[in-house]
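Trainee: I'd like to learn how to read a model like this one, feature by feature. Can we go through it together?

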Amino acid sequence: MPDEAARRTLLALARESVQAGVDWGAPGAFPQRDYPESLCRWRSCFVTLSRSGRLRGCCGRLEADRTLAEDVWDNAFASGFRDPRFAPLLAHELSDLEIGISVLSPLEKLAVRSTAELIATLVPRRDGLVLAHGGERVTFIPHVWESVSDAATFVRQLREKAGWPADGWESDLEAWRFRAESF
């Protein structure tokens with residue numbers, strides 16, 4: 001995981017990407033710089049934008065297919081301008097924009113066959129969760145635990161996010177967990 005200096009670099013890179021989006025309407029090319037080695041490893045992340053404690057955008061990738069620095073750059077822009085839940089960011093919103101980055105561990109497939117088994121497997125406040133069913137995938141990063149009281153609620157709300165019935169277990173349902181270092 002990135003050290004404190006690398007975290008500052010990633011947060012500055014995310015802010016630069018969002019600023020480019022406001023200035024030019026596009027993220028622009030990824031800035032080629034001499035990044036610390038930890039930021040040149042292939043890692044995936046989510047970038048969360050908020051204002052006054054309220055979500056303003058959140059996008060990311062579950063599996064790494066580029067360097068962490070590149071992933072932050074692209075996901076910061078996507079969070080500000082491509083999250084379908086929100087209108088694109090405006091210039092006046094940048095002054096109080098808070099940026100959070102969650103660097104993900106690789107996904108771990110869970111061998112569970114029921115909601116009860118899934119709930120028993122999850123570690124609150126540590127695990128993120130991916131569910132897949134019928135060709136669709138949905139995820140909650142570990143940060144979501146801050147707004148739920150227990151694992152049953154976590155799973156139920158994730159199913160609702162996907163548009164699936166809150167309770168139940170489909171025969172083709174698959175689950176993965178992951179951890180994230182958030183800063």
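Trainee: Let me start with one side chain: is R156 buried, partly exposed or exposed?

Mentor: Before that, a word on what we're looking at. This is a predicted model, in which local features need pLDDT of at least 70, side-chain atom pairs count only at pLDDT 80 or more, and totals for chains, interfaces and linings use all residues. Residues are numbered from 1 along each chain as its sequence is written, and side-chain values use heavy atoms, with hydrogens and water left out. Now the idea: buried means under 20% relative accessible area, exposed over 50%, and partly exposed in between (1.4 Å probe, protein chains only). R156 has 29% relative accessibility, so R156 counts as partly exposed.

Trainee: Where does R156 lie, and which residues does R156 touch, not counting those up to four places away in sequence?

Mentor: R156 lies in helix α4. Helices (H or I, at least four residues) and strands (E, at least two) are DSSP runs, numbered from the N terminus. Contact means heavy atoms within 4.5 Å. With residues up to four places away in sequence not counted, R156 touches A166 and D167.

Trainee: Next, the nonpolar core. Which members of the largest one touch the most other members?

Mentor: A nonpolar core is a set of buried Ala, Val, Leu, Ile, Met, Phe, Trp, Tyr and Cys residues joined through side-chain atoms within 4.5 Å. The largest one here has 28 residues, and L118, L122, L129, L131, F154 and A175 touch the most other members. At least two residues each come from β5 (128-133), β6 (136-140), α4 (151-162) and β7 (174-178). Helix α4 gives the largest share of this core, five residues. Apart from this core lies another, of 25 residues, with L10, L49, L68 and W73 among them.

Trainee: Can you show me a couple of those members up close?

Mentor: Leaving aside neighbours within four places in sequence, L118 is in contact with L110, V112, L129, L131, V155, W169 and A175. Then there's A175, found in strand β7. At a relative accessible area of 2%, A175 is buried. Beyond residues up to four places away in sequence, A175 touches E108, K109, L110, V112, L118, L129, V130 and L131.

Trainee: How do I read a pair of helices?

Mentor: Two packed helices are described by the angle between their axes and the distance between the axes. Axes are lines fitted to C-alpha atoms, for helices over the stretch in contact, and angles run from 0 to 180 degrees between N-to-C directions. Here α1 (residues 4-24) and α2 (residues 68-81) pack at an angle of about 40 degrees, with their axes 8 Å apart.

Trainee: Which residues of α1 and α2 make the contact?

Mentor: From α1 they are L10, L13, A14, E16, S17, V18, G21 and V22, and from α2 they are L68, A69, V72, W73, A76, F77 and F81.

Trainee: Last one: what should I make of phi?

Mentor: Most residues other than glycine have a negative phi, and most peptide bonds are trans. S52 has a positive phi of about 55 degrees although it is not a glycine. S52 is found in the loop between β1 (44-51) and β2 (54-60), and S52 counts as exposed at 63% relative accessibility. R125 also isn't a glycine, yet has a positive phi of about 70 degrees. R125 lies in the loop between α3 (115-121) and β5, and R125 counts as exposed at 57% relative accessibility.
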